[in-house]
Amino acid sequence: MKTKLLCAILVVAFVTFTINTNTYAYNPRTVFSDFSPEHWAYNSVMELYSQQIISGDSDGNFRPNDFVTNAEAAKIFCTALGLNISSFDQSVYSDVSADKWYYPYANLTDELFLDVYDDMGKKIFSPDCPMIREEMFYSVVNMFGMSGKKVEPKLSQHFTDTADFNQVYLPYAEIIFDKKIINGYDDGTIRPKAKITRAEFATLTAKIMTMLKNRCSISVSEGEATIIQPWEDASGALKLVMKKRGPNSLFDFYCASAMTKYSEEYIPVRYFQFDTDLMSPYIVRALNNADGDLPYNADFTGGNHCYNNTGYGGSATGRTDYIKFSVDNSLVSEYSGLFQSVQVEYKNYIQATNTKRFDGSGREVLTENISIWFDGETWTVENTLTALEDIVIERYYGLQFPAKGIFNTVQYGDEHSDSYVHSLSFESVSDSSCDTAVFYGDIFNLKMNMDFSLMSEKVNFANKDYTVFTTDYGKTYFNLINSDNPIELKAGETLKIAGSYKFFK
């Protein structure tokens, strides 16, 4: 049943979210006798009313302070998403009989509610029970397919009552707080056990519908992917293409197009081709049997670097073994449509600088197992390196970006820091504890980050004078591994690198 609901949500996001753009001309006294334009939830309620998602009672009242029951919540979910109430397979609840008005709604939205069982082990819905806030958090996260998302726990830093959460619901609250879907109250509480009023529920539902309308889309075909990421303000979008590229034909980001929105269509306004790699190459040496044609040099291999250490004209020093695309946790080879999350997994084999050969037959000494997960906002990258034999890595950047020509300036530290902003026309370095670079441009911006909480302990920034640097040709790198602090790996040993890219306006 879950697959049906998720597919229906995607279809709805394509075809049914036509928000009424007319100024609300309702006289609230004639719509809801107990609800005026001065109410804080008025705009959200009127938006849902205009689309026949909510209505009042037989006396013409909206009852904004009444609590929403599970049955009412299920119906609003279905109506807001335009779901076909005849599309469920079977009844899943022991306390929901076929003669009840909420029968189809409860069964169609069952994965939006936590499984609860009675003393006899039967699954129950509790239709007349008021929905509480932590239950709503669970519903929203599952509606967006974000239950597997990893976020840094922050609720306890902002709210005083997080101990009141049922621990089952707490991770879901962390996710939607991270996504800025919910806020707390002015007194510093989040009130996980508070019952949800009709006004609160309408406000959150309207916000969810807007978010679904602006969902990202993807096209996957023949080992390539094109992703369109709408900006949060709905003014346009960024199109990113991922494919095999460069002299090694390794999978990577290939190009980007900034687009503006005009009459519901995206119009390209600027194109950027990445003429270099975003996933770092290596200076890596085999510790035994250096049988390459240039055993004593210090050239890069992998990434965009071929035999002659450039991006063209030489034999390959790496290869992509496979590429796998998953859309909303389902493996796909061909796909076109909206998504809630996308994962790309691929494996590369990399030669060493002292095993590469002119004819391309150099010995491969390590593998990269790269996983890129996109949630519509942030590209999270994890690369697990595995040594095929004893090696030493003398230089590796993790993530990098060719910023000049796309952006104007770079700031070391996050976008909220007060650190100095540098021109991309000159060399610059960060301090010794920075894990983030933020680029600012005329059309959009980029935040590039290394996540040391997920990395192997061997990768240590503590003994480095600087952690991020930009060259005079405008490319920014992380100083993860260098010749002053090389890392040796035994055959079979692994090293994990983690970071992220976030494009934003």
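With which side chain does the side chain of N297 make a polar contact, and at what distance?

Modeller: The partner is D299: the two side chains make a polar contact at 2.6 Å. A polar contact is a pair of N or O atoms within 3.5 Å; within protein, one must be able to donate a hydrogen and the other to accept it, and residues adjacent in sequence count only if both atoms are side-chain atoms.

Two notes on reading the model. This is a predicted model, in which local features need pLDDT of at least 70 and side-chain atom pairs count only at pLDDT 80 or more, while totals for chains, interfaces and linings use all residues. Residues are numbered from 1 along each chain as its sequence is written, and side-chain values use heavy atoms, with hydrogens and water left out.

N297 sits in the loop between strand 8 (282-286) and strand 9 (318-327). Helices (H or I, at least four residues) and strands (E, at least two) are DSSP runs, numbered from the N terminus. N297 is buried, at 17% relative accessible area. Buried means under 20% relative accessible area, exposed over 50%, and partly exposed in between (1.4 Å probe, protein chains only). Setting aside neighbours within four places in sequence, N297 is in contact with R285, T353 and K356. Contact means heavy atoms within 4.5 Å.

Next, the charged pairs. Side chains of opposite charge can pair when their charged atoms come close. The structure holds 18 salt bridges. For a salt bridge, a side-chain nitrogen of Lys or Arg must lie within 4 Å of a carboxyl oxygen of Asp or Glu. One of them joins E389 to R363, with the closest N and O atoms 2.8 Å apart. That pair links distant parts of the chain, 26 residues apart. E389 is in the loop between strand 14 (379-387) and strand 15 (391-396), and R363 is in the loop between strand 12 (342-351) and strand 13 (364-374). E389 counts as buried, at 17% relative accessibility. R363 is partly exposed, at 22%. Salt bridges that share partners join D291, R357, R363 and E389 into one network.

Another pair is D321 with R319, where the closest N and O atoms are 4.0 Å apart. D321 is partly exposed at 39% relative accessibility. R319 is also partly exposed, at 36%. R63 and D66 make a further salt bridge, with 2.5 Å between the closest N and O atoms. R63 has a relative accessible area of 28% and is partly exposed. D66 is partly exposed too, at 34%.

The structure holds three cavities of 30 Å³ or more. On a 1 Å grid over the protein atoms alone, a cavity is a set of points where a 1.4 Å probe fits but cannot get out; lining residues have an atom within 4 Å of a point. Grid points are joined across faces, edges and corners, and a volume is the space filled by probe spheres set on the points. The largest cavity has about 100 Å³ of space. Its lining has 13 residues, of which L250, F251, D252, M279 and G303 lie nearest the centre. Strand 6 (250-262), strand 12 and strand 13 each supply at least two residues of that lining. Strand 6 gives the most, with three residues.

Strand 6 has partners of its own. Strand 5 (residues 236-245) and strand 6 pair in the antiparallel sense over 10 bridges. Two strands pair if DSSP finds at least two bridges between them. Here M242 stands opposite F253 in strand 6. The hairpin of strand 5 and strand 6 has four residues between the strands, and G246 takes a positive phi near 75° there. Strand 6 also runs antiparallel to strand 7 (residues 265-273), joined by eight bridges. A258 stands opposite R270 in strand 7.

Strand 19 pairs with strand 22 (residues 468-470) over two bridges. In strand 22, F469 is the bridge partner of V429.

Last, helix 6 (residues 133-143). Of its 11 residues, 10 are buried, so helix 6 is largely enclosed by the rest of the structure. Among the buried ones are R133, F137 and N142.

Conventions
On a 1 Å grid over the protein atoms alone, a cavity is a set of points where a 1.4 Å probe fits but cannot get out, and a pocket is an open set with protein on both sides within 12 Å along at least five of seven lines; lining residues have an atom within 4 Å of a point.
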